[in-house]
Amino acid sequence: MSYSLSDVLSQTGTQYSPLLVIEGLGITVARIWLRDTFGVWSPRHRKIVIAKGLSAVQERCVLAHELEHAIGGDTGCEVGPRRLGQERRADIEAARKLVAISDLGAV
């Protein structure tokens, strides 16, 4: 199934499946042992690499974060303030999709 960016932006909360969106966008996911990070986006290979052994919740969060790097067109080569901005944006956008505002309001 193919996903458009509007499909990606319309999903939130428990309905949001970053893995389905990633697959729909034709991005490959590889699970390998990683020593110092949970995940990496490689635009050159159109691949997200995530650490083996993550819990289901951790994996969903890492995939959502790395997907935001892909959607944002991040190259993965930035340093300094620009990289920090990319990380912050990926965190914020992933959180907005993982936690529906209605669920947050209910808490």
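Analyst: Of the 107 residues of the protein, 35% count as buried, where buried means under 20% relative accessible area with a 1.4 Å probe and protein chains only. This is a predicted model, in which local features need pLDDT of at least 70 and side-chain atom pairs count only at pLDDT 80 or more, while totals for chains, interfaces and linings use all residues. Residues are numbered from 1 along each chain as its sequence is written, and side-chain values use heavy atoms, with hydrogens and water left out.

The protein has five helices and three strands; these are DSSP runs numbered from the N terminus, helices being H or I with at least four residues and strands E with at least two. Read from the N terminus, the order of elements is α-α-β-β-β-α-α-α.

Now the sheet itself. Strands of a sheet pair through backbone hydrogen bonds, either parallel or antiparallel. Here three strands form an open sheet in the order β1-β3-β2, and the pairing is mixed; two strands pair if DSSP finds at least two bridges between them. At the edges lie β1 (28-32) and β2 (39-42), each pairing on one side only. From one strand to the next, the twist averages 20°, with axes taken as lines fitted to C-alpha atoms and angles running from 0 to 180 degrees between N-to-C directions.

β1 and β3 (residues 47-51) run parallel and are joined by five bridges.

Terms used
Buried < 20%, exposed > 50% of the residue type's maximum accessible area, 1.4 Å probe, protein only.
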